[in-house]
Amino acid sequence: MALRIIKPPNPGKMFVTLASTGYLFFSSRAVAELNLSEHKGVLLAHDERGALYLKVVDNTAPDAFRVYVRKNGVCSVMCIRVAPLFCRIGIEAKKSTRYNLIEAAEEDFYKIEGLKTK
């Protein structure tokens with residue numbers, strides 16, 4: 001009898017979801033690849049064109065957004081609360097929208113593809 005190994009499906013792209021509630025949720029692949037935990041923080045930055053970037057840092061960083069763990073049925077999801085900041089810079093989330101995370105040229109930063117300041 002010849003056995004063939006069954007490979008798991010590719011994990012897909014890393015992404016975040018901006019919810020209308022003002023939270024930025026991380027996909028399971030993003031959590032794994034960014035080594036995200038409730039003991040970490042997330043820095044947000046933008047470039048001259050208004051594109052947004054993020055970087056995971058220690059939770060003790062003074063400019064970092066706190067990472068929250070939320071229960072979603074039997075599993076947990078990781079998120080940061082961005083509503084106050086996004087109100088100030090003119091980003092409004094009327095419905096939940098998903099954005100891909102892609103590696104940026106800057107060290108340890110990831111571009112939130114398609115999400116821009118006004």
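Predicted model: local features only at pLDDT ≥ 70, side-chain atom pairs only at ≥ 80, totals over all residues.
Student: How many aromatic pairs does the count come to?

Tutor: The count comes to two aromatic pairs.

Student: What describes a pair of aromatic rings?

Tutor: The distance of the centres and the angle of the planes describe a pair of aromatic rings. Here, Tyr23 and Phe25 are 6.2 Å apart centre to centre, with 40° between the planes, and the pair is tilted. Tyr23 and Tyr68 form an edge-to-face pair, with 6.4 Å between centres and 80° between the planes.

Student: Which strands hold Tyr23 and Tyr68?

Tutor: Tyr23 is in strand β2 and Tyr68 is in strand β6, so their pair ties together parts that lie 45 residues apart in sequence. Ring pairs link Tyr23, Phe25 and Tyr68 into a cluster.

Student: Is Tyr23 buried or exposed?

Tutor: Buried means under 20% relative accessible area. Tyr23 has 14% relative accessibility, so Tyr23 counts as buried. Phe25, at 23%, counts as partly exposed, and Tyr68, at 26%, is partly exposed too.

Student: Where does the charged end of Arg70 sit?

Tutor: The charged end of Arg70 sits over the ring of Tyr23, 4.5 Å from its centre. The charged end of Arg70 also sits over the ring of Tyr68, 5.9 Å from that ring's centre.

Student: Which residues of the largest nonpolar core touch the most other members?

Tutor: That core has 26 residues, and Phe26, Leu54, Leu101 and Ile112 touch the most other members. Among the elements that each supply at least two residues of this core are β2, β4, α1 and α2. Leaving out residues up to four places away in sequence, Ile112 touches residues including Val16, Leu24, Leu54 and Leu101.

Key. Residues numbered from 1 in each chain as written. Heavy atoms only, no water. Core = buried A, V, L, I, M, F, W, Y, C linked by side-chain atoms within 4.5 Å. Buried < 20%, exposed > 50% of the residue type's maximum accessible area, 1.4 Å probe, protein only. Helix = DSSP H or I, 4+ residues; strand = E, 2+ residues; numbered from the N terminus. Contact = heavy atoms within 4.5 Å. Phe/Tyr/Trp six-rings, centres within 6.5 Å; stacked < 30°, edge-to-face > 60°. Lys NZ or Arg CZ within 6 Å of the ring centre and 35° of its normal.
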